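Subject: Structure handover

Hello,

Here is the structure for you to open.

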There are 4 protein chains.
Amino acid sequence: MGDAVAGHFGELIGVEIVDLGPDEAKARIAVADRHKQPYGVVHGGVFASLAETLSSAATYAAVRDEGLVALGQSNNATFLRPIREGHVHAVARPRQRGRSTWVWDVELSDDEGEACALVRMTIAVRPRR
Amino acid sequence: MGDAVAGHFGELIGVEIVDLGPDEAKARIAVADRHKQPYGVVHGGVFASLAETLSSAATYAAVRDEGLVALGQSNNATFLRPIREGHVHAVARPRQRGRSTWVWDVELSDDEGEACALVRMTIAVRPRR
Amino acid sequence: MGDAVAGHFGELIGVEIVDLGPDEAKARIAVADRHKQPYGVVHGGVFASLAETLSSAATYAAVRDEGLVALGQSNNATFLRPIREGHVHAVARPRQRGRSTWVWDVELSDDEGEACALVRMTIAVRPRR
Amino acid sequence: MGDAVAGHFGELIGVEIVDLGPDEAKARIAVADRHKQPYGVVHGGVFASLAETLSSAATYAAVRDEGLVALGQSNNATFLRPIREGHVHAVARPRQRGRSTWVWDVELSDDEGEACALVRMTIAVRPRR
């Protein structure tokens, strides 16, 4: 199901959606050279992009039956530890599910389960036009 | 010069570095379908990734002769307006150039010059190991 | 006009509103011991609180005639340089004035005009209940 | 112990430090009129200030024996739900304890235990000068 949900950019960076539950959503990326910045570690933009793809898809999955769409409003990423190989694993948990705003905490970790980046994602929920 | 400076991920998303001056740095991406999320607009991760690629490269250009490297510490993106076509233009201006931390304000705009996203990027400067 | 606009907490921390124009708003605090953290410099919370008081008041001044209220949604502060004495000067400029969201960039500076903190403030605009 | 640790500004806003453990730190504020903005709810700056006071004090408690000090670098607050009365309770958990940077997630909640604000706090750790 990943490709249609993740969209073209999600495909480009290799997002694999694992689960889109309303209380916890999961996705991952298998790290390859194309994800790296010049020092050989995963680019910070990959963490931010994976977190946004996952939390946007999970929000949309929860609100689309009400005729609503989900639009990223802010993406605040903090980088803790580099990843050189393996996977980037993302787990997103909703902290607010409001009528007009959803807030997600997304934790990105490596194959050893160490937290490598934290993303707080705010998503606007609006009527489909 | 863009490819070597932007790294593999910069290449993947098509970052074209325009200028890496220490007081103002510029880059852009020519928008294509691969940059879009499911609603047909540029994915928020593209804005965050472009801003981080540009400000990291500009920081590194300024500190590499001192034996230092530049590592993203946080990337705070706020989305203002969608882009569907044309280019994403990025202009980065340093707000702090400290011994251990650089802070950049990056404005992302469309071909009409309208601001579409704002990124505040914090970069750690550390001795090369 | 400062007190009524700034509210009780604005009074407590000594916010003096200088100007609430829709394109640029200004306020300041005269630094005293009560604003300091244990190392003798102005507490980061003072910068965040001043920025939020100012941008909330300026948003409300612009939307109240339409029956709307302004509610802080996020406050992202980056600290650049300490202040020990004199004033904290705040200048806020709107980057988005949407139907449901306003975004302000607030620069906090010292009496020498040096930038000491940057705050990106997002304010939700909602109908008065 | 609260007053000396919280500093003058911590005293001004009534921060009561409950616990400063390295794995979890707690503090609270008893809500009074002086904490409120014009709509009668606790000012967002109170949440940001409480989170910064707590996480700075907890970092300093952990590093002072090594001759280090703790300085706020960024304070990213997201507001979820207003508080009108009772207490603001803060629980801070460290997400990174590096040589030069500590990152804390601080959750602010009301007397019913509902999350009202989330703060991601980055603190620079530096040698005492």
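The notes below cover the contacts between chains.

First, the ground rules. This is a predicted model, in which local features need pLDDT of at least 70, side-chain atom pairs count only at pLDDT 80 or more, and totals for chains, interfaces and linings use all residues. Residues are numbered from 1 along each chain as its sequence is written, while chains are lettered from A and ligands numbered from 1 in the order in which they are written.

**Chains A and B**

Here 29 residues of chain A are in contact with 29 residues of chain B (contact means C-beta atoms, placed from the backbone, within 7 Å). On the chain A side, α1 (2-12), α2 (44-63) and β3 (68-79) each give two or more residues. Helices (H or I, at least four residues) and strands (E, at least two) are DSSP runs, numbered from the N terminus. The largest share, 9 residues, comes from β3(A). By class, the chain A side has 9 nonpolar, 16 polar and 4 charged residues. Ala, Val, Leu, Ile, Met, Phe, Trp, Tyr, Cys and Pro count as nonpolar, Asp, Glu, Lys and Arg as charged, and the others, Gly among them, as polar.

β3(A) also pairs with β3 (residues 68-79) of chain B, antiparallel, over 5 bridges (pairing takes at least two DSSP bridges). N75(A) stands opposite A77(B).

How does chain A superpose on chain B, and with what RMSD? A rotation of 180° with 0.0 Å of shift along its axis does it, at RMSD 0.0 Å. In chain A, the C-alpha nearest the axis belongs to N76(A), at 2.1 Å. Both copies use the same surface: 100% of the contact residues of chain A recur in chain B.

**Chains A and D**

Here 10 residues of chain A are in contact with 10 of chain D. β3, β4 (87-97) and β6 (115-127) of chain A each give two or more residues. β6(A) gives the most, with 4 residues. The chain A side divides into 4 nonpolar, 4 polar and 2 charged residues.

**Chains C and D**

The axes of α2(C) and α2(D), residues 44-63 in each, come within 8 Å and cross at roughly 165°. The two helices are therefore roughly antiparallel (an angle over 145 degrees). Among the residues making this contact are G44(C), A48(C), G44(D) and A48(D). By class, the contact has 2 nonpolar, 8 polar and 2 charged residues.

Best wishes

Key
Axes are lines fitted to C-alpha atoms, for helices over the stretch in contact, and angles run from 0 to 180 degrees between N-to-C directions. Angles under 35 degrees count as roughly parallel, over 145 as roughly antiparallel, 65 to 115 as roughly perpendicular and the rest as oblique. Two residues are in contact if their C-beta atoms, placed from the backbone, lie within 7 Å. Copies are superposed by least squares on the C-alpha atoms of residues with pLDDT of at least 70 in both.
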